[in-house]
Amino acid sequence: MKLRAFLISVSVFAFLTCAAAPLFPQHVGYGTGSWDAETLGNHRAVVRVAEKADAVWAHIPWRRRDLEPEKKNIIVSDDAGKRVTNLLRINVNRSYGDILFQAPNPGNYYVYFLPYVSKGRNYPVVTYPAPENSADPSWQRIAQAAMSRSDRPFPQASLVEIQAIDEFNSFYPMEIIATPEEIRGLLAANSGKKFLLFPEDRRYPIRMTDDLPQKWVVEVPRPEMAGEASRGEFYAFQVGLYASAADIQDIAVRFSDLRDGGRSIPALRCINTGGINWDGQPFKKTVPVKKGQVQALWFGVQIPKDAVPGKYQGQVSIEPAGMPAQSITLNLAVSQNVIADFGDDEPWRHSRLRWLDSMLAFDDDIVRPFTPVRVTKNRIDILGRSLTLGPSGLPAQIESYFSPEVTRIQEAARPLLSAPMQLIVEDAAGQRLAWASGAPKFTKQKDGIAEWRASSTSGALKMEVSAAMEFDGFVQFKITLSSSKPVEVRDVRLEMTLFKDAIRYMMGLGSKGGYRPASYDWSWDVKKNQDGAWLGDANAGLQFSLRAENYSRPLNTNFYQSKPLNMPPSWFNEGKGGITMREANGSTILVSCFGGSRTLRPGQDLHFDFNLLLTPFKPLDTQFQWSTRFFHSFKPVDDAIRVGANTINVHHANDVNPYINYPFLHPQQMKAYINEAHQKGLKVKIYNTIRELSNHAPELFALRSLGSEIFSTGPGGGFSWLQEHVGFNYIAAWFVPSLKDAAIINSGMSRWHNYYIEGLNWLVNKMQIDGLYIDDVAFDRTTMKRVRKVLDRARPSAIIDLHSANQYNPRDGFTNSANLYLEHFPYINRLWFGEYFDPNSPADFWFIEMSGIPYGLMGEMLQDGGNRWRGMVYGMTSRMPYDGNDPSPIWKVWDDFKIQESDMIGYWSPRCPVKTDSKDILATAYVKQGKALISIASWAPDDANVRLSIDWRALGIDPARATLTAPEVNGFQPAVKFNPNESISVPKGKGWLLIIS
């Protein structure tokens, strides 16, 4: 018999025998086992064969949630692990599988029904192979002969258990699907209802949206649920809504108080219908549910600590639009027990879901080292900078008071603008319209912020400016342009005229950081993650970014293409907009941000919004740079002490912080490690950020119930656990094979930021962490400001360091990491710009994109270990214990010289007392009383000889008695004595550390 005919006859036989009587146990056990998941997958059925047989029939009621199981392979092995090749699939569907296999021996056999193939490490590609035909033709003939008999020709294997590789991979109970027959019976029994409600305990998060779990069919819909809570607990539970009859457009939820006689507990809340957004603003959500789908609704109620124990009862009314409401009764037993911290110490309780609506650290207070915002008439002063407003409410002048070294605030101002900024409208003939403006009116003045409004008119046009300046140098302008009648315009543009000598450097708009080009042209491109640029010098500068009402923060770090920048309708104008930079005269540069021609119509407001960041943000904290030495590895505390480090960065994927961006699951181990470090005088910071979230987060499926609010939509895929349990519509992110830690990408700006802030507060108070190591940033400055406040209020000496790989590549839209994250720089303590920041880059790139100095920060090196000679020009070393570039010899020079007592005067300052006679060999001086440490580094194409020009008076050293020595530094330089007047040989790509005394 041919294989196809054989399969047909077997299928018919199976149908007839199954129809005659149930041949398998009604009860199915679920458990775990141990096997090689990488070869066989995460799931199997264990069946028992009573005696050997050429063909055994197994019926496996696996109730699979994956689609099209008939297109996926099945592997059978015996108890010794030997694969059974004589296997035929009789009937494979989502409800069950009927298979025929050869059993040479009695005993247990294992049916692996989701074997996969994985390629790649940290971003794996996992596929599920198609069915194999491994059966031998002779075995097929034996099976055919057996079928010719009139009695049942095949012995039956009995089902022992359905197993997962571990509990975390188990489908039981919430991913064991109900069969189509069971669902039809359920609908018939509830034919009068438009939808069905299934209350569910928090221990069993609702995971599936396209299937009902068998658990619900067995339990049948019930109008009540029972729960137990402690006093002080935020008690969470869920209700599954099944749209059984029709699509549901939206859901309204109403609550009653929980009552026990005359006592009451205030009403519940539902996270799915609204809350407090990342910006502190309340919002409502629309909750649609398609017919045949399930929507999980998560609820919570705060039990007061002083609640009287008892049995409380309340109602939850759920009313889909256009349908009659149904109610669930909550019977909640409140115990005598008082729980600490709302139950947050035990993540399984889901009490932390209330963190999504947190307002923690939303205030107008300032953080160190910033000073309060001060308003005097039309001038606003902050730390080291001032902004003067013109009549239109736009900047008339921006000034910086930072010293050229960026180490202190001075009295002399450095202006940036040579003329006030203007929003210019040209009519169809190209004539500029004249604005009639009043004067800015301040509407809010607090230590942390000043807000103002201004209005201007020109004929039928009206320009309204709503703006705010904060203590860190962030200035936001929201400009609304409207017209009372149709008006044809040739252009609407923002003009900034800046002093040429104040903007020697540029970064952004597709330009790498470095010297500003003489002229520049740029147009909008959705493939490019750019909407502005930074222009400036060491001690003065501004970043401008063009926005509109549709702005949403893009994804970053390899995921930009999944959620790129929204083109602002005003500035983009269907591709007509762009930016030009031109030399206006010998001393100024005109930056024109134009929108092009259009018709302004009544009722169609245009939003020409833009943001400014005024740099530097703060003076360089050289004392912190010299004294704080990172050990970037989770190793014994004594290892860090041994190499001279005093601050440990604990990444993820280790015993105390195993899962990415969810550092809450090993609190005992984390606290013990931090306690030991503190006892030995070291600080401990942890890795935790927002960009992706571990699949081990207990709230994962509650967050998935919020649609695309927390997690980005995407193609799915990635590690097997994600495909088997999350299923679809996500973006797979970082994966750690040893821990099976598979993350998915966050959506950008969402309530997860509020959760993050509360989680940080828990870590800093419970674990006493000393700060954060952040690897790229997916949140904005508002959240970073809250991060800084939460840290400072609990641990005043807390540290934040920021790492980024160079994002100037197609995956990230050719963005500059420093430009992308500039809004966060006021709140961090150190940069670590690493992978793909080539140490062979020019000095101007080092200065603008790697050092952090023009923004009031200092950094460290990573890529290829950095370049220790060039790094020292910027006060940078590598980080322990990375890339074989041991910084401890440099640290020893610092300590021997007592660099903490010195002033750093960089080559970028005209006051640097030591210069070289080569433009490609630069010198920075670390000056203290009667002594200086001189760092020399070469960017020359070849070995070169240089002479030093030394301002002895500035150093306070008598040249007649001066010595110039190079101390021996292991791996850096030999010990050498120089005559201050002689030339010094500088090898290509290297340099010297010289001491003048």
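On a 1 Å grid over the protein atoms alone, a cavity is a set of points where a 1.4 Å probe fits but cannot get out; lining residues have an atom within 4 Å of a point. A volume is the space filled by probe spheres set on the points, which are joined across faces, edges and corners. The model is predicted: local features need pLDDT of at least 70, side-chain atom pairs count only at pLDDT 80 or more, and totals for chains, interfaces and linings use all residues. Residues are numbered from 1 along each chain as its sequence is written, and side-chain values use heavy atoms, with hydrogens and water left out.

**Stop 1: the largest cavity.** Select Asp531, Gln543, Arg547, Asn819 and Leu820, the nearest to its centre among 23 lining residues. The volume is about 290 Å³. Strand β40 (540–547) gives the largest share of the lining, four residues. Strands (E, at least two residues) and helices (H or I, at least four) are DSSP runs, numbered from the N terminus.

**Stop 2: the second largest cavity.** Its volume is about 80 Å³. Select its lining, including Tyr30, His43, Trp62 and Phe171. The lining has eight nonpolar, four polar and no charged residues. Here Ala, Val, Leu, Ile, Met, Phe, Trp, Tyr, Cys and Pro count as nonpolar, Asp, Glu, Lys and Arg as charged, and the others, Gly among them, as polar.

**Stop 3: the largest pocket.** A pocket is an open set with protein on both sides within 12 Å along at least five of seven lines. This one holds about 1,200 Å³ of space. Select Trp278, Asp279, Phe474, Gln476 and Thr782, the closest to its centre of 41 lining residues. Helix α13 (781–794) is among the contributing elements, and its five residues are the largest share. By class, the lining has 13 nonpolar, nine polar and 19 charged residues.

**Stop 4: rings.** The whole structure has 52 aromatic pairs. Rings of Phe, Tyr and Trp (its six-membered ring) pair if their centres lie within 6.5 Å; planes under 30 degrees apart count as stacked, over 60 as edge-to-face and the rest as tilted. Select Phe833 and Phe837: they are stacked, 5.3 Å centre to centre, with 20° between the planes.
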